[in-house]
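Subject: Structure handover

Dear colleague,

Please find below the structure I promised to pass on, followed by notes on what was found in it. I would be glad if you read the notes with the coordinates open.

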Amino acid sequence: MNPSILSYHFLTLSLLFCIPGLVVYLLRSDLRQVIHILAIVSIPFGFTEFLFYPSYWEPKFLFDLVHVLGFGIEDLLFVIGLSAFTSTSYPFFFRKQFAKWEGRGFSPKYRILLLVLLFVTLVPTVHAMGIHLIYGAPLIMLSFSSILLFLRRDLLIPAVLGGVSSTIVYSILCFLLLWIYPSIFDLTWHTQKFLNIRWFGIPLEELIYAFSSGLAATLFYPFVFSFRFVSF
């Protein structure tokens, strides 16, 4: 890789995060629809970078777009890659597939509307309360998950295992980033302003974000489209 490209730490991170989802996409054709839908759903989260930068971290962006648009190309790559593996980690690692759930409920369009309303309500609410989004985002995703689990208690174990497996994958990707840039979390992250707790060099905030993302993403597709998980 060109040394000048290596200076774009967030781009490297975003490309790394695309790898697990690509592997799932190639090996499990039945999960491709999940990846397609979650990729679209995740895009609005990429526009929230201005709530993280530069208070939580300060990476270098391609074309310096963060100062022009408030987000960068890297943000879109990151959220799409993240959604791809967090939404499929449970069925991929535990060899599950989707089957129709026969329970009652609203149509998919109303369920999506419910989640969109929650998102547009909770993000500004959390921000107005002075809660930094590095904590606010997990709180929002945990709120999503709690509501979904209240309506679909059968998804509790898949959601928790999806959160755990997503955190493991997320951690491995962070270890790869540390291997490429040994001091990256000291140079780019401002963790000293937050919990300043690390697990083998990874900021605890990242692991909290990983688990809550995996929990919410595992629930989204089966909840919206009335599916359940079954073994092969």
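Helix 4 (residues 73–86) and helix 8 (residues 156–180) pack at an angle of about 135°, with 10 Å between their axes; helices here are DSSP runs of H or I with at least four residues, strands are runs of E with at least two, and both are numbered from the N terminus. The axes are lines fitted to C-alpha atoms, for helices over the stretch in contact, and the angles run from 0 to 180 degrees between N-to-C directions. Helix 4 and helix 8 are therefore oblique to each other, given that angles under 35 degrees count as roughly parallel, over 145 as roughly antiparallel, 65 to 115 as roughly perpendicular and the rest as oblique. On the helix 4 side, Phe78, Leu82, Phe85 and Thr86 meet Ser166, Val169, Tyr170 and Leu173 of helix 8, contact being heavy atoms within 4.5 Å. The residues of this contact comprise 6 nonpolar, 2 polar and no charged (Ala, Val, Leu, Ile, Met, Phe, Trp, Tyr, Cys and Pro count as nonpolar, Asp, Glu, Lys and Arg as charged, and the others, Gly among them, as polar).

Please bear in mind that this is a predicted model, in which local features need pLDDT of at least 70 and side-chain atom pairs count only at pLDDT 80 or more, while totals for chains, interfaces and linings use all residues. Residues are numbered from 1 along each chain as its sequence is written, and side-chain values use heavy atoms, with hydrogens and water left out. The chain has a mean pLDDT of 92, with 97% of its residues at 70 or more, where pLDDT is the predictor's confidence in each residue, from 0 to 100. Among the elements of the chain, the lowest mean pLDDT, 67, belongs to helix 1 (residues 3–6), and the highest, 98, to helix 5 (residues 89–93). Where pLDDT is low, the predicted coordinates should not be read in detail.

Some loop residues also deserve a look. In the loop between helix 3 (32–46) and helix 4 lies proline 54, which a cis peptide bond with omega of about 0° joins to tyrosine 53. Phenylalanine 63, found in the loop between helix 3 and helix 4, has a positive phi near 60° although it is not glycine, and at 65% relative accessibility it counts as exposed (buried means under 20% relative accessible area, exposed over 50%, partly exposed in between, with a 1.4 Å probe and protein chains only).

With best regards
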